[in-house]
Amino acid sequence: MTMAQEAKQPGWWQRYDDPDVRSFIGLEEVATSITVYETCLVPGLFQTEEYARAVIRGLLPRISSDVLQERVDTRLKRQELLFRDSPPRYWTVLDESVLHRHIGDPGIMRAQLDRIVELAELPHVVVQVVPFTVGAHMGLDNAFTFLQLSDPAVPDTIFIEGLMGLIYLEKPSEIEIYREALESLRAAGLDPARSVARIAEISRSFA
C-alpha cells in the first residue's frame, strides 16, 4: 500500500469505503507474483461479468442493485493488471469442484470456463486443476491467495476471505504452512496442458 500511495496518481481503488478491500487491491496491484488456490469459485481475476454478478448475488442475496454493479465493475477493473506491461506472475490452482459448480445458467458456465482456457494462454499465467481422484489434500478446506512483492520491506502475505471478513497472514510460521500447502497442491494437480484440456472438456458439457 505504501508503494501504491507514493505513486504520482492515487490508486483507483482508494475511492472504496472498505479499508480491507482497498488494502487487498493495493497489494494485488503491486505484487510481482500472485498464487491463488480456490475450492469452490473461479478466482476474481478470471471471472466473466455474468459469472461475477451471479457469485456476488449468491453470496449477498440482499445486496442492492447499485452496490452489486459497483462490485462487479471493481472485479472487472482488477483484471486489467493481467494485461498491463510487466504483469505479475499469476498461478492459479483450482479444485475440480470449481469447474462443476453451477454458477448462473449453463451458458454462463460455458463462457466462464472458456475464459479460463483463453487466459491460460498468456505467458505469465499458469492454471492447474486438482482432480477429484486426488482425494483428501492440504487445500481441501481452505481457499487462499499468496501475494509476493519485490520490496524486501514488505513481507509475503496470505489473504483469506470469508463470511467474517478478510484475513491477512504474514508471520513467517504462517507463510511456511501455506507455502507447503501450495507445493503439495501443485504436485497433486494436473500439469498445465492437461489442466486446460480438462477445463475445455468440462466446458463442453454445459450445453
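Predicted model: local features only at pLDDT ≥ 70, side-chain atom pairs only at ≥ 80, totals over all residues.
Trainee: Let's start with the overall picture. How many helices and strands does the protein have, and what pattern do they follow along the sequence?

Mentor: There are 8 helices and 6 strands. Read along the sequence, they go α-α-β-α-α-β-α-α-β-β-β-β-α-α. Of the 207 residues, 44% are buried. As for contacts with a separation of 6 or more, 72% of them are between residues 24 or more positions apart.

Trainee: What is the strand order in the sheet, and which strands are at the edges?

Mentor: The sheet is open, has 6 strands and runs β3-β2-β1-β4-β5-β6, with mixed pairing. The edge strands are β3 (125-130) and β6 (165-169), because each pairs on one side only. From one strand to the next, the twist averages 15°.

Trainee: How do you know that β1 and β2 count as paired?

Mentor: Two strands need at least two bridges to pair. Strand β1 (residues 31-38) and strand β2 (residues 89-95) are joined by 6 bridges and run parallel, so they count as paired. You can find the pairing in the model at Thr35, which stands opposite Trp91 in β2, and at Glu38, whose bridge partner in β2 is Leu94.

Trainee: Why is β2 called largely enclosed?

Mentor: Buried means under 20% relative accessible area. In β2, 6 of the 7 residues are buried, so the strand is largely enclosed by the rest of the structure.

Trainee: Which helix lies across the sheet strands, and at what angle to β4 does it run?

Mentor: That's helix α7 (residues 172-188), which lies across β1, β2, β3, β4 (144-149), β5 (157-162) and β6. Its angle to β4 is about 110°. Angles of 65 to 115 degrees count as roughly perpendicular, so that's the word for α7 and β4.

Trainee: Why are α6 and α8 called roughly antiparallel?

Mentor: Helix α6 (residues 106-119) and helix α8 (residues 192-205) pack at about 160°, with their axes 9 Å apart. Angles over 145 degrees count as roughly antiparallel, and therefore α6 and α8 get that label. Their crossing is left-handed.

Trainee: Which residues meet there, and how do they divide by type?

Mentor: From α6 you have Arg110, Leu113, Asp114, Ile116 and Val117, and they meet Val196, Ile199, Ala200, Ile202, Ser203 and Arg204 in α8. The contact between α6 and α8 divides into 7 nonpolar, 1 polar and 3 charged residues.

Trainee: What does the contact between α3 and α4 consist of?

Mentor: On the α3 side are Glu49, Ala52, Arg53, Val55, Ile56 and Arg57, meeting Leu68, Gln69, Arg71, Val72, Arg75 and Leu76 in α4. These residues of α3 and α4 divide into 6 nonpolar, 1 polar and 5 charged.

Trainee: Which residues of α3 are buried, and what do they pack against?

Mentor: Tyr51, Ala52, Arg53, Val55 and Ile56 are buried in α3. The buried residues of α3 pack against α4 and α6.

Trainee: How do you know whether Gln112 is buried or exposed?

Mentor: Gln112 is found in helix α6. The limit for buried is under 20%, and Gln112 has 0% relative accessibility, so it counts as buried. Leaving aside neighbours within four places in sequence, Gln112 is in contact with Val42, Phe46, Gln47, Thr48 and Tyr51.

Trainee: What about Ser86: buried or exposed?

Mentor: Exposed means over 50%. Ser86 has a relative accessible area of 67%, so it is exposed. Ser86 lies in the loop between α4 (65-78) and β2. Ser86 also has a positive phi of about 55°, although it is not a glycine.

Technical notes. Residues numbered from 1 in each chain as written. Heavy atoms only, no water. Helix = DSSP H or I, 4+ residues; strand = E, 2+ residues; numbered from the N terminus. Axes fitted to C-alpha atoms, helices over the stretch in contact; angles between N-to-C directions. Contact = heavy atoms within 4.5 Å. Parallel < 35°, antiparallel > 145°, perpendicular 65-115°, else oblique. Left-handed = near helix turned anticlockwise from the far one by under 90°. Nonpolar A, V, L, I, M, F, W, Y, C, P; charged D, E, K, R; others polar. Buried < 20%, exposed > 50% of the residue type's maximum accessible area, 1.4 Å probe, protein only.
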